Amino acid sequence: MSTLTVHDLSVGFGNRQVLDKVNVSFSTGSLVGLIGPNGAGKTTLLRSMIGAQSFAKGQIQWDGSDLHQLDRRTVARHIAYLPQGGVCHWPLTVEHLVSLGRLPHQSPWQKQSAEDRRVIADAMAETDIGALAQRTVTTLSGGERMRVLLARALATSPEMLLADEPVASLDPYHQLQVMTLLQSMARRGVGVVVVLHDLTLAARFCDRLVLLSEGRVIGDGTPDDVLSVENLAASYRVTALRGSENGEPFIVPWKDLGNDFEREKR
Amino acid sequence: MSTVAATVDNSRASPLIGFVTLVVILSIMIVVLFVVSIGAGRVAISFQQIFSSLRAHDPSLMSIIIEQIRLPRAILAVTVGATLGLAGAALQGLLRNPLAEPGLIGVSGCAALGAVIMFYTGISATFALALPLGGVAGALIAVAAIYALAGRESSILTLVLAGVAVNAFAGALTTLALSLSPNPYAAFEIFFWLLGSLADRSLEHVYLSLPLMALGWVLLLTMGRALDALTLGEDTARSLGFRLGRVQAQVVIGTALAVGAAVAVSGVIGFVGLVVPHLLRPLVRYQPGRLLLVSALGGAVLTLAADIAVRSIMGGPELKLGVLTALIGAPFFLYLVIQTRKAMR
């Protein structure tokens with residue numbers, strides 16, 4: 001089992017403190033939901049964990065060694081990143097886009113090996129995009145595009161996947177499909193950290209939730225513990241309806257606590 | 001699965017031509033046009049004469065024309081053209097912007113300014129390499145400025161505006177140098193040189209520029225995978241194991257070396273770096289990495305062809321090569337802008 005550990009991480013943009021002494025660790029084999037209101041620092045935390053964010057204080061370790069001391073390609077083989085928004089600047093074919101996931105495994109002039117081709121085919125089968133292989137990315141729907149980008153991340157065969165709002169632009173069907181896929185990856189031993197805004201998806205699918213609010217971790221544990229009435233009020237400033245269906249929880253944001261709550265807090 | 005994909009695929013048809021085939025075709029075109037280029041001009045030279053004179057080194061008039069006038073011109077058409085095509089493709093890959101072109105964003109203009117300063121101050125008279133080095137220094141400043149002004153996730157608009165600014169500044173300083181020139185004949189010389197031409201160059205020009213250009217080519221041609229990764233944005237490229245700072249530096253320095261040296265011997269030949277990558281991109285299925293080599297070859301083809309054309313189409317004084325590429329390239333640029341506007345809607 002491998003672990004990605006964040007020690008006392010503080011990140012500031014100008015005067016604004018985005019992350020404030022964050023301590024959290026993620027292990028392979030579990031699906032962790034990273035939740036919190038807009039601007040809580042979720043994306044900044046993910047970007048720090050792939051070395052894309054410089055930070056003033058703190059340390060990030062992969063299996064005990066400092067991430068910044070490790071060879072970049074080695075890190076790239078262990079940790080895959082799926083950014084928000086699904087950027088693709090040129091109209092590549094789906095197959096070529098997915099094959100980019102193999103770059104950390106290839107030396108500069110090396111051609112695709114049989115292993116590369118197998119992993120790419122598996123990733124495309126798993127995300128159900130085999131039929132799209134020769135399409136250009138620009139002709140795809142939002143759901144198809146997200147699955148293609150996810151397949152790219154799978155093709156890296158990472159031990160850890162950091163996915164930033166992968167279901168944000170998807171319809172309910174594709175949201176469930178992507179969450180099921182992430183869950184099955186975790187069951188196979190991959191560590192998955194996923195940023196979510198949908199609390200039901202977070203409660204139902206994740207093994208553990210980390211709740212960020214104003215740059216601090218204010219909840220870390222089972223979905224039941226983290227999604228407490230107090231935590232939701234303190235971070236999102238909402239109340240929620242709760243229930244369960246066949247033993248699986250759902251949680252629906254119901255009322256904003258708005259200004260009354262702010263006043264009471266003072 | 002690929003067989004399933006082939007039958008289900010309903011997007012636009014995939015290109016019928018493979019990467020290797022494309023490289024071979026472009027290479028053959030270069031060889032053919034190279035020979036035609038040596039043969040074309042006021043004095044028509046047959047293929048037999050070209051080959052026999054190159055082999056025998058006899059001191060006839062014919063072989064003097066070939067070795068001292070036609071051969072350097074054809075070689076420079078290949079090297080300068082390849083440089084412009086390659087630099088265009090590399091800059092477009094780095095900035096993820098199809099309108100990035102050495103001439104358009106002011107790199108060629110600044111390279112010209114660097115060379116003009118060397119010329120004007122007389123440094124180029126003291127040692128020959130000063131001219132291409134001046135070009136490289138000018139180009140380096142321009143690429144760095146463009147990257148600072150419009151790098152990262154820049155929009156097409158910011159890039160073009162930054163290019164306009166850099167171009168205007170380089171143009172103003174070049175004009176200043178021209179107007180302060182004590183010798184009107186020298187100013188006239190510089191003015192014509194700025195228009196971009198490969199006429200009346202010697203093998204000396206080839207020796208001066210080729211090493212710097214070749215170094216630039218190596219730096220740019222090895223960037224393929226990084227540029228492929230950048231398609232998915234800077235963060236993803238980083239997460240795929242690329243050092244962004246190094247990638248940026250390598251493209252900037254490679255472009256400056258190649259374009260700076262090219263402009264120093266040929267003047268400003270615009271739009272090759274815009275037209276060539278745009279035409280070839282669909283043939284490599286939009287892969288920025290593969291576009292590098294084919295754009296280099298395509299740039300050589302276009303420049304050779306254009307340089308043959310300027311010698312063939314007019315009876316009077318020879319049309320400047322840079323003028324011809326601008327005449328073809330500017331409407332093409334306009335067309336690209338209209339296309340981009342349509343795509344944005």
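At what angle do helix α7 (residues 130-150) of chain B and helix α13 (residues 244-266) of chain B pack, and how far apart are their axes? The two helices pack at an angle of about 140°, with their axes 7 Å apart.

## About the model

This is a predicted model, in which local features need pLDDT of at least 70, side-chain atom pairs count only at pLDDT 80 or more, and totals for chains, interfaces and linings use all residues. Residues are numbered from 1 along each chain as its sequence is written, while chains are lettered from A and ligands numbered from 1 in the order in which they are written.

Chain B has 16 helices and zero strands; helices (H or I, at least four residues) and strands (E, at least two) are DSSP runs, numbered from the N terminus. Among contacts in chain B with a separation of 6 or more, 80% come from residues 24 or more positions apart. Two residues are in contact if their C-beta atoms, placed from the backbone, lie within 7 Å.

Back to the opening pair: at about 140°, α7(B) is oblique to α13(B). Axes are lines fitted to C-alpha atoms, for helices over the stretch in contact, and angles run from 0 to 180 degrees between N-to-C directions. Angles under 35 degrees count as roughly parallel, over 145 as roughly antiparallel, 65 to 115 as roughly perpendicular and the rest as oblique. The contact of α7(B) with α13(B) divides into 17 nonpolar, six polar and no charged residues. Here Ala, Val, Leu, Ile, Met, Phe, Trp, Tyr, Cys and Pro count as nonpolar, Asp, Glu, Lys and Arg as charged, and the others, Gly among them, as polar.

Helix α4 (residues 61-95) of chain B packs against helix α10 (residues 203-221) of chain B at about 25°, with axes 10 Å apart, and the two are therefore roughly parallel. Residues from α4(B) in this contact include Pro72(B), Ile75(B) and Leu76(B), while those from α10(B) include Met213(B) and Trp217(B). The contact residues are 12 nonpolar, five polar and no charged.

## The sheet in chain A

Chain A has an open sheet of four strands in the order β2-β1-β4-β5, with antiparallel pairing; two strands pair if DSSP finds at least two bridges between them. The edge strands are β2 (16-27) and β5 (65-66) of chain A, each pairing on one side only.

Five bridges join the antiparallel strands β1 (residues 3-13) and β4 (residues 57-62) of chain A, and Leu4(A) stands opposite Trp62(A) in β4(A). Helix α1 (residues 42-49) of chain A lies across β1, β2 and β4 of chain A, running at about 120° to β1(A).

## A buried methionine

Met179(A) lies in helix α6 (residues 172-187) of chain A and counts as buried because it has 23 C-beta neighbours inside 10 Å. Leaving aside neighbours within four places in sequence, Met179(A) is in contact with Val167(A), Leu201(A) and Phe205(A). Phe205(A) is 26 residues from Met179(A) along the chain, yet their C-alpha atoms are separated by 6.8 Å.

## Where the chains meet

In the interface, 33 residues of chain A are in contact with 27 residues of chain B. On the chain A side, α2 (72-78), β6 (79-82) and α4 (114-126) are the elements that give two or more residues. The residues of that side are 21 nonpolar, eight polar and four charged.

Technical notes:
Buried ≥ 20, exposed ≤ 12 C-beta atoms within 10 Å, placed from the backbone.
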